[in-house]
Amino acid sequence: MTEVQERTATPVDARLFRDVLGHYPTGVVLVTAISRSGEPIGMIVGSFTSVSLEPPLVAYLPTTTSKSYAVLREVDTFCINVLSADQELLCRRFASPGDDKWAGVGWTPSPGGAPVLEDAVAWIECTTESEIEAGDHYIVLGRVRELGVQNPMAPLLFFQGGYGRFTMSSVVAASTPDLIHAIQSAEKARDEIEALAARTGVAVDVVAAAGQDLVFVGAATGADTPPSVPTLGTRIPLMAPLGEQYVAWAGEAAAEAWIRRAGVSDPEAAERLRDRLRLARERGWSLSRLHPDDELDFYQTLRDYSDGEIVPAKERALRDRIVAYIENYDPVPIDPEGEYAAHSIVVPVLGRTNRPLLNIRLVNLPGPASGEQVLTWVQELRRCAAAVASRLADDHSPRSQRLGHGVASPGWG
Ligand SMILES: Cc1cc2nc3c(=O)[nH]c(=O)nc-3n(C[C@H](O)[C@H](O)[C@H](O)COP(=O)(O)O)c2cc1C
């Protein structure tokens with residue numbers, strides 16, 4: 001007895017406790033009820049579990065300080081709503097402070113009157129059986145009264161502090177038609193890319209979008225500089241600041257997703273990124289000053305990320321890394337008389353209606369270089385991109401539709 005007490009008294013570091021327990025995944029439910037004052041009330045809970053079949057019992061564990069639970073415990077009937085993978089935004093809304101959480105949320109009453117959310121995977125109506133105090137939480141036992149599956153799709157999952165969804169391992173690899181198309185396009189661009197590398201003496205690489213990533217699909221070696229680091233097939237996430245010259249042409253939804261994926265929530269920082277995209281579009285080229293060592297490090301981080309399981313903690317580490325590069329992509333005006341430590345310059349190859357098809361990059365630029373040299377590289381790249389654009393258009397569209405394709409118009413005259 002004494003021994004047990006001593007062991008229980010050993011302090012456990014709160015962060016370690018949360019971190020270790022965060023490695024156990026949970027589903028996410030919204031516990032709902034109609035409050036005594038007649039309002040719908042909802043609390044997001046991960047600690048939901050089935051307890052007993054005979055009698056039918058379930059449980060969830062609210063913290064003793066929860067204001068939502070203080071309201072829930074005043075009424076007898078509540079409903080567990082199992083959230084679907086598509087209800088992450090709704091979950092975030094209910095889990096953060098705010099008054100009007102139910103605005104625009106569709107629900108119908110369960111037989112006992114508690115809210116059943118539209119589109120919830122399943123609902124379980126209960127009456128409170130008992131409430132057990134357990135440290136800083138209660139264990140609330142609910143006797144199941146009615147239940148049903150209403151939307152049999154993948155549930156929302158919570159793991160290592162991040163949201164995700166259940167996926168089956170498949171016996172057949174998913175086909176990626178956009179990637180295959182990108183590889184075929186890069187292959188058609190090969191002569192132009194090699195000519196560019198030969199003319200400039202600088203390494204060239206080619207990326208294309210596939211799903212939510214950019215993928216390296218082509219490369220050519222220049223005589224005077226080290227070759228491009230990423231091997232063909234390397235994927236980089238389309239996340240600010242990476243892939244600016246692709247996103248600048250891919251429409252507003254793509255731009256917003258690019259900002260959101262980088263976790264940029266400050267409205268001013270988001271607006272600066274939108275400005276940058278506007279400028280990238282006006283110029284039709286972007287320049288990165290990322291140090292070559294940082295680029296090497298970045299691709300190592302990417303390789304570590306892609307090795308083995310991708311989990312939220314790894315994803316956060318990669319995102320932090322990428323976001324730290326933001327200032328390396330700041331668009332600086334190029335003065336022909338000035339001197340610049342440019343690492344790479346990228347231009348888009350645009351298809352019909354200015355749709356981005358590929359990005360071509362001069363990389364590992366020798367430097368520091370004069371502004372005049374930078375502008376010459378830009379011109380070389382643009383010439384190459386225009387040639388690639390017309391080559392791709394030759395394959396894809398009737399001659400009459402080809403006018404107006406090519407590369408973005410230069411902002412520098
Ligand atoms: C995924 C997720 C799971 C959660 N699980 C629980 C839980 O099991 N118990 C709990 O008391 N709070 C849990 N919370 C926090 C509550 O939803 C809520 O934010 C907290 O109770 C504070 O709000 P309140 O004081 O207004 O109730 C969870 C939040 C999230 C995002």
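Analyst: Two strands pair if DSSP finds at least two bridges between them; strands (E, at least two residues) and helices (H or I, at least four) are DSSP runs numbered from the N terminus. This is a predicted model, where local features need pLDDT of at least 70, side-chain atom pairs count only at pLDDT 80 or more, and totals for chains, interfaces and linings use all residues. Residues are numbered from 1 along each chain as its sequence is written, and side-chain values use heavy atoms, leaving out hydrogens and water.

User: What order do the strands of the open sheet have?

Analyst: Strands of a sheet pair through backbone hydrogen bonds, either parallel or antiparallel. Here three strands form an open sheet in the order S1-S11-S12, with antiparallel pairing. S1 (26-27) and S12 (162-165) are the edge strands; each has a single partner, so one side of each lacks a neighbour in the sheet.

User: How many bridges join S11 to S12?

Analyst: Four bridges join S11 (residues 156-159) to S12, and Leu 157 faces Gly 164 of S12.

User: How many aromatic pairs are there?

Analyst: Rings of Phe, Tyr and Trp (its six-membered ring) pair with centres within 6.5 Å: stacked under 30 degrees between planes, edge-to-face over 60, otherwise tilted. That rule gives nine aromatic pairs. Tyr 60 and Tyr 69 are edge-to-face, because their ring centres are 6.2 Å apart and their planes stand at 80°. Tyr 60 is buried at 2% relative accessibility (buried is under 20%, exposed over 50%, partly exposed in between; 1.4 Å probe, protein chains only), and Tyr 69 is buried at 4%.
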